[in-house]
Amino acid sequence: MTLVKFNNNGSRSLLPGFNDVFESIFNDTFFSERIPGSLPAVNSSESADFYHVEMAAPGLKKECFKINVEGQILNISYQDNEEHNSEGKRYTHREYSFTSFVRSFNLPEQADLNMIEASYENGILKLDIGKREEAKSTSRLIELK
């Protein structure tokens with residue numbers, strides 16, 4: 001499935017280009033990294049024996065990730081509710097940090113759901129999903145006669 005950005009070109013604006021200015025500002029990397037609810041970028045690849053998923057998640061805590069498989073769906077979620085409790089202080093301003101997201105992926109039928117390994121190092125969450133034996137690519141040289 002391909003995700004396509006929705007663009008309602010059928011609507012008319014009294015000020016042409018007005019929406020384009022705001023869209024370009026909020027699509028800027030500076031804002032997109034700071035808007036709550038933005039999702040980490042993911043790369044997926046395939047080798048002869050594995051499917052690979054790499055998620056860019058720098059600065060997140062390893063223990064706050066939850067990875068599970070339901071049917072053929074791989075779910076990667078993260079939730080960190082960081083509160084700083086300091087008794088005896090009167091605050092004039094106090095902020096809480098809450099980070100949460102869920103990414104879901106449809107796994108191919110050839111994925112071996114019992115052979116999934118995950119690691120988190122240097123801000124990259126890596127998952128290696130094994131392939132069933134019948135799905136592993138085999139190659140052989142065919143002699144020409």
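This is a predicted model: local features need pLDDT of at least 70, side-chain atom pairs count only at pLDDT 80 or more; totals for chains, interfaces and linings use all residues.
Local features here need pLDDT of at least 70 and side-chain atom pairs count only at pLDDT 80 or more, while totals for chains, interfaces and linings use all residues. Residues are numbered from 1 along each chain as its sequence is written, and side-chain values use heavy atoms, with hydrogens and water left out.

Start with the overall layout: there are two helices and seven strands, in the order α-α-β-β-β-β-β-β-β. Helices (H or I, at least four residues) and strands (E, at least two) are DSSP runs, numbered from the N terminus. Some whole-protein values:

| Property | Value |
|---|---|
| Buried share of the 145 residues | 18% |
| Accessible surface | about 12,200 Å² |
| Surface belonging to carbon and sulfur atoms | 50% |

Areas come from the Shrake-Rupley method with a 1.4 Å probe, and for residues only the protein chains shown count as cover. Buried means under 20% relative accessible area, exposed over 50%, and partly exposed in between (1.4 Å probe, protein chains only).

Now for leucine 60, in the loop between β2 (50–56) and β3 (65–70). With a relative accessible area of 19%, leucine 60 is buried. Setting aside neighbours within four places in sequence, leucine 60 is in contact (heavy atoms within 4.5 Å) with Phe65, Tyr78, Thr99, Phe101 and Tyr120.

Strand β1 (residues 42–46) has five residues and zero of them are buried, so it lies largely in the open. β1 runs antiparallel to β2, joined by five bridges; two strands pair if DSSP finds at least two bridges between them.
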